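Open the model in your viewer and keep the sequence panel beside it. We will go from stop to stop, selecting as we go.

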Amino acid sequence: MKFQIKRRLSDDILIEGDANSLKEFVENNKKDLRNSNLSGSDLSNCDLSNCDLSCCDLRNCDLRNCDLRDSDLRDSDFNNCDFNGSNLNNCNLRNSDLRNCNLSGSNFNNCKIKLSQKDELLKALLIEIEN
């Protein structure tokens, strides 16, 4: 099986192997993964703490039980991702697309979001605000 991590501003990186090879690459290079296309990847149970995942395409990713503490996730597309049980404490989520995500059981303490993202995040967390 081959995985290709496409960076929007640099050369493509081709990884040959199974899902564990992709997880190993991501964990070993987690400090700078900005502008990467990791859409559709299984990154469940990965340690991505303190990672720069800004401006990334992560649509349809399995991010269950990930450690994303203190990560830069701004301007990234997480549409249709599964974050069940993940730790997103102290993340920068400004301008990130969280539509259609499963955020149940996730921690979001001290996250940074734009006020315009409030409704999207509350909907993903299945929180309803009454007037």
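A cavity is defined on a 1 Å grid over the protein atoms alone, as a set of points where a 1.4 Å probe fits but cannot get out; lining residues have an atom within 4 Å of a point. Grid points are joined across faces, edges and corners, and a volume is the space filled by probe spheres set on the points.

This is a predicted model, in which local features need pLDDT of at least 70 and side-chain atom pairs count only at pLDDT 80 or more, while totals for chains, interfaces and linings use all residues. Residues are numbered from 1 along each chain as its sequence is written, and side-chain values use heavy atoms, with hydrogens and water left out.

**Stop 1: the cavity.** Select L43, L48, L53, L58, L63, L68, F78 and F83, which line the largest cavity. Its volume is about 30 Å³. The structure holds 1 cavity of 30 Å³ or more.

**Stop 2: the whole chain.** Colour by secondary structure. Helices (H or I, at least four residues) and strands (E, at least two) are DSSP runs, numbered from the N terminus. The chain has 2 helices and 3 strands, in the order β-β-α-β-α. Of its 131 residues, 44% are buried. Buried means under 20% relative accessible area, exposed over 50%, and partly exposed in between (1.4 Å probe, protein chains only).

**Stop 3: the core.** A nonpolar core is a set of buried Ala, Val, Leu, Ile, Met, Phe, Trp, Tyr and Cys residues joined through side-chain atoms within 4.5 Å. The largest one has 24 residues. Select L53, L58, L63, L68, L73, F78 and F83, the members with the most contacts inside it. Now centre on L68. Contact means heavy atoms within 4.5 Å. Beyond four places in sequence, L68 touches L48, S49, L53, L73, F83, N87, L88, N89 and C91.

**Stop 4: the cysteines.** How many disulfides are there? The count is 0, taking a disulfide as a pair of cysteine sulfur atoms within 2.5 Å. Select C46 and C66. The sulfur of C46 has its closest cysteine sulfur in C66, at 5.3 Å, so the two are too far apart for a bond. C46 is buried, at 2% relative accessible area. Next, pick C111. C111 is in no disulfide either, and its nearest cysteine sulfur, that of C91, is 5.0 Å away. C111 is partly exposed, at 22%.

**Stop 5: S106.** Find S106 in the loop between β3 (36-37) and α2 (118-124). Is S106 buried or exposed? It counts as buried, at 14% relative accessibility. The S106 side chain reaches the backbone oxygen of F83 at 2.5 Å. Leaving out residues up to four places away in sequence, S106 touches F83, N84, G85, S86 and L88.

**Stop 6: N60.** N60 is also in the loop between β3 and α2. N60 is partly exposed, at 45%. Its side chain makes a polar contact with the side chain of N80 (2.7 Å). A polar contact is a pair of N or O atoms within 3.5 Å; within protein, one must be able to donate a hydrogen and the other to accept it, and residues adjacent in sequence count only if both atoms are side-chain atoms.

**Last stop: two asparagines.** N35 has a positive phi, near 65°. N35 lies in the loop between α1 (19-28) and β3 and is buried, at 13%. N95 has a positive phi of about 65° although it is not a glycine. N95 is in the loop between β3 and α2 and is partly exposed, at 41%.

Conventions
On a 1 Å grid over the protein atoms alone, a cavity is a set of points where a 1.4 Å probe fits but cannot get out, and a pocket is an open set with protein on both sides within 12 Å along at least five of seven lines; lining residues have an atom within 4 Å of a point.
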